[in-house]
Amino acid sequence: MLVKKVPPETLTVPPTAHSPNSTRPVLVYRNVLIDKTPQGAADAIEQSEWVYGGHWKIAENTLAAVPHYHSITHEAYTVLHGTGAYRLGKSSLDPEVDANGEEVGVVFTARAGDVFVFPVRYDLSSLYMEGYN
């Protein structure tokens with residue numbers, strides 16, 4: 001077994017004027033990776049029939065901090081070390097709060113062992129990373 005079997009947390013964010021935001025939820029599987037190495041993560045992703053596209057150290061990638069979305073590609077991420085926060089559903093053109101005074105987008109924290117899936121058309125950006133190697 002390459003991952004622990006746990007139900008996912010689901011996160012949804014409505015579309016904004018600048019972020020299409022999918023009707024499908026973001027899936028967050030907490031502390032499911034058993035082997036927290038690049039090869040262990042790749043094996044876990046492939047077991048789930050996702051196409052392995054490589055691995056990146058997001059913490060060192062400044063482009064990951066720029067809000068963006070993929071128009072035709074879902075993404076699956078694994079966290080091998082440390083902690084990081086992501087903002088979902090808010091572009092850099094969106095206001096901080098909507099007309100009802102509610103914060104635009106959702107912030108979630110990912111920790112070592114977590115796996116999360118961003119559906120196509122979800123605006124996302126990394127906010128910070130700590131404790132990575």
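## A surface patch and a ring cluster

Val 107, Leu 127 and Tyr 128 make a nonpolar surface patch of about 250 Å². Areas come from the Shrake-Rupley method with a 1.4 Å probe. Val 107 sits in strand β5 (residues 106-111); a strand is a DSSP run of E, at least two residues, numbered from the N terminus.

This is a predicted model, so local features need pLDDT of at least 70 and side-chain atom pairs pLDDT 80 or more, while totals for chains, interfaces and linings use all residues. Residues are numbered from 1 along each chain, and side-chain values use heavy atoms, without hydrogens or water.

Now for the rings. The whole structure holds 9 aromatic pairs (Phe, Tyr or six-membered Trp rings with centres within 6.5 Å; planes under 30 degrees apart are stacked, over 60 edge-to-face, the rest tilted). Tyr 77 and Phe 118 have ring centres 5.4 Å apart and planes at 70°, so they pair edge-to-face. Tyr 77 is in strand β3 and Phe 118 in strand β6, 41 residues apart.

| Residue | Relative accessible area | Class |
|---|---|---|
| Tyr 77 | 15% | buried |
| Phe 118 | 1% | buried |
| Val 107 | 41% | partly exposed |

Methods. Helix = DSSP H or I, 4+ residues; strand = E, 2+ residues; numbered from the N terminus. Buried < 20%, exposed > 50% of the residue type's maximum accessible area, 1.4 Å probe, protein only. Patch = residues over 30% accessible without salt bridge, like charges linked within 9 Å, V, L, I, M, F, W, Y side chains within 5 Å. Salt bridge = Lys/Arg side-chain N within 4 Å of Asp/Glu carboxyl O.
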